[in-house]
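Colleague: Hi! Could you walk me through this one?
Modeller: Happy to, ask away.

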Amino acid sequence: MPHALVIRAPGTNCDQELCRGYALAGATVELVHLEALIRDPSPLDKADLLGIPGGFSFGDDIASGRIFAMKVRERLYAPLREAIARGAPLFAPCNGFQVAVQVGLLPGPPAGEPWPTDAAPAQQLALTDNLGGRFVDRWVPVEYPTDSSCIWTRGVLDDIPAELRADVAILPVAHGEGRLVAGTPDVLTRLQTAGQVAVRYLDNYNGSQNAIAGVTDAAGRILGLMPHPERFLDWTRHPYWTRLPKDLLKKPTPGARMFMNAVEAASAAWAR
């Protein structure tokens, strides 16, 4: 059975949802504090799946996810790199996405290039203030590009009848700094041409470049996104679930399907 390691810090508030997503998909789960992991990084050696939850790590002091990210870059990059290099899927929603881009885990090195061993990759993306300058807390419509290499989002709507997909392709968001911007136009081009855009906004309420809501690495195993699929593990979380067809409620939600995809991928690697 694959083992998931979820890393929390002071201010994290979505760790239990992330742990539940992995558990419902069939993985064993270990929740560990960032400082404990810095003192003893050995749990990373045993992890088949990884998670950096959403929330307000370290109170979002300086900038969202900054302190968490700098601690990882300086103290945990080497063992984290080893886990990623052996294929451990990593899920990083909201604050986790902010952390992942600052560590350099996303978008990561181009396809065919190894992860650097001497230091973490340079930051290429940022998540800055929403275009409207306000914290946004609501459900938003999204799409999952079919050309994406992301294992997490693969086929999440395949079981959903076409006439219901507009109702189902929504995810909750809760952030004030979620507008994705790239360091250079070349980075945006690479995301698109390499299939590294995993999720897009349909209304682009926060002004993200190219309406990008989520990004994957070149291998498709790391997913960072501002929406919260881990808050959509049950149909009863859907804003109007009582009006959805009863047959639909027997299927996994898109959020649950993402965790199932990742655990299946980790199980295949674990079985080998």
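Colleague: Leaving aside neighbours within four places in sequence, which residues is glutamine 98 in contact with?
Modeller: Glutamine 98 is in contact with Ser64, Gly65, Leu127, Glu177 and Met226, where contact means heavy atoms within 4.5 Å. This is a predicted model, where local features need pLDDT of at least 70, side-chain atom pairs count only at pLDDT 80 or more, and totals for chains, interfaces and linings use all residues. Residues are numbered from 1 along each chain as its sequence is written, and side-chain values use heavy atoms, leaving out hydrogens and water.

Colleague: Is glutamine 98 buried or exposed?
Modeller: Glutamine 98 is buried, at 4% relative accessible area. Buried means under 20%, exposed over 50%, and partly exposed in between, using a 1.4 Å probe and protein chains only.

Colleague: What does the side chain of glutamine 98 reach?
Modeller: That side chain reaches the backbone oxygen of glutamate 177 at 2.7 Å.

Colleague: New topic: where does leucine 49 lie?
Modeller: Leucine 49 lies in strand S3, residues 49-51 (strands are DSSP runs of E, at least two residues; helices are runs of H or I, at least four; both are numbered from the N terminus). Leucine 49 is buried too, with 0% relative accessibility.

Colleague: How far is leucine 49 from phenylalanine 135 in space?
Modeller: They are 30 Å apart, C-alpha to C-alpha, and 86 residues apart in sequence.

Methods
A polar contact is a pair of N or O atoms within 3.5 Å; within protein, one must be able to donate a hydrogen and the other to accept it, and residues adjacent in sequence count only if both atoms are side-chain atoms.
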